[in-house]
Amino acid sequence: MDESTLKGGGFIKLRQPNRWAVRVKVLLGEITADQLQAVADLSRRFGDGEVHLTVRQGIEVRGVRVEDFEAIKSALETAGLGTGSCGARVRVPVACPGSAVCKRGLNDTGELAREIDRRLYGRDDVPHKFKSAVSGCSASCAKPQANDVGFLGVLEPVFDEVEGACIACGLCEAACP
């Protein structure tokens with residue numbers, strides 16, 4: 001198998017001879033305890049016994065031999081996981097928890113990130129690694145500004161003309177450009 005094929009399957013060549021890192025696809029940075037245990041077991045079985053948590057909410061199992069490519073890929077699938085993408089491909093979108101969890105969240109970041117992933121993940125018709133991020137509010141926890149495409153949750157203020165509805169809190173003034 002050539003290096004380009006391996007890269008497309010989530011394998012990254014390391015400095016050590018015949019050693020690779022396997023990028024595990026972790027959508028939204030969410031992984032079950034059983035899946036996390038499976039990754040730990042795979043790292044002990046096929047790698048160097050350590051995992052790397054990436055800046056894009058993913059996991060890499062390091063120290064894997066190329067001969068173990070199919071076996072580790074199959075074991076990940078059994079655990080309900082897959083391999084990440086590398087090279088000039090669309091990467092897994094990252095997202096903050098959004099309105100599903102965060103008290104500041106204005107939007108359902110998970111729904112949008114899952115749709116981006118469903119439609120675009122792994123495409124190789126892009127000129128470079130293509131990254132996206134979804135943040136649920138202006139705190140920008142997922143850093144959408146630092147990606148090729150970023151989404152930021154906003155709230156559009158609506159004026160309520162009912163007598164006495166305005167409590168003069170000043171939020172509308174602060175939010176309105």
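Trainee: Hi! What volume does the largest pocket have?

Mentor: Hello! The largest pocket has a volume of about 410 Å³. Here a pocket is an open set of points on a 1 Å grid over the protein atoms alone, with protein on both sides within 12 Å along at least five of seven lines, and lining residues have an atom within 4 Å of a point. The volume is the space filled by probe spheres set on the points, with grid points joined across faces, edges and corners. Before we go on, this is a predicted model, with residues numbered from 1 along each chain as its sequence is written, where local features need pLDDT of at least 70, side-chain atom pairs count only at pLDDT 80 or more, and totals for chains, interfaces and linings use all residues. Side-chain values use heavy atoms, with hydrogens and water left out.

Trainee: Good to know. Which residues lie nearest the centre of the largest pocket?

Mentor: Pro-157, Val-158, Cys-169, Leu-171 and Cys-172 lie nearest the centre, out of 14 lining residues.

Trainee: And how does that lining divide into nonpolar, polar and charged?

Mentor: Twelve residues are nonpolar, one is polar and one is charged. In this scheme Ala, Val, Leu, Ile, Met, Phe, Trp, Tyr, Cys and Pro count as nonpolar, Asp, Glu, Lys and Arg as charged, and the others, Gly among them, as polar.

Trainee: What about the second largest pocket, how much space lies in there?

Mentor: About 310 Å³. The second largest pocket is lined by 17 residues, with Arg-23, Thr-54, Arg-56, Ser-85 and Arg-91 nearest its centre. The elements giving two or more residues to this lining are β2 (20-25) and β4 (59-64). Strands are DSSP runs of E with at least two residues, helices are runs of H or I with at least four, and both are numbered from the N terminus.

Trainee: Which element gives the largest share of that lining?

Mentor: That is β2, with three residues. The lining of the second largest pocket divides into five nonpolar, five polar and seven charged residues.

Trainee: OK, over to the strands. In what sense do β2 and β4 pair?

Mentor: They pair in the antiparallel sense, over four bridges. Two strands count as paired if DSSP finds at least two bridges between them. Within this pair, Val-22 stands opposite Val-61 in β4.

Trainee: How many residues sit between β3 and β4 in their hairpin?

Mentor: Five, and Gln-57 in the turn has a positive phi of about 65°.

Trainee: Why is β4 described as largely enclosed by the rest of the structure?

Mentor: Because five of its six residues are buried. Buried means under 20% relative accessible area, exposed means over 50%, and partly exposed is in between, using a 1.4 Å probe and protein chains only.

Trainee: So where does Lys-25 fall, and what does it touch?

Mentor: Lys-25 is found in strand β2 and counts as partly exposed at 22% relative accessibility. Leaving aside residues up to four places away in sequence, Lys-25 touches Leu-81, Gly-82, Thr-83, Gly-84, Val-92, Asp-117 and Tyr-121, where contact means heavy atoms within 4.5 Å.

Trainee: Changing topic, what is the strand order in the open sheet of three strands?

Mentor: The order is β6-β7-β8, with parallel pairing. The edge strands are β6 (94-95) and β8 (149-152), each pairing on one side only. Strand β7 (residues 132-135) pairs with β8 over four bridges, and Ser-132 has Val-149 in β8 as its bridge partner.

Trainee: Which helix lies across those strands?

Mentor: Helix α4 (residues 109-120) lies across β6, β7 and β8, running at about 165° to β7. Axes are lines fitted to C-alpha atoms, for helices over the stretch in contact, and angles run from 0 to 180 degrees between N-to-C directions.

Trainee: What does Lys-131 touch?

Mentor: Lys-131, in the loop between α4 and β7, touches Arg-56, Arg-91, Asn-147, Asp-148 and Val-149, not counting residues up to four places away in sequence.

Trainee: Last one: is Leu-28 buried or exposed?

Mentor: Leu-28 is buried, with a relative accessible area of 10%. Leu-28 also has a positive phi of about 65° although it is not a glycine. Ala-168 has a positive phi too, near 60°, but Ala-168 is exposed, with a relative accessible area of 67%.

Note on methods
1 Å grid on protein atoms, 1.4 Å probe; cavity = no way out; pocket = protein on both sides within 12 Å on 5 of 7 lines; lining within 4 Å.
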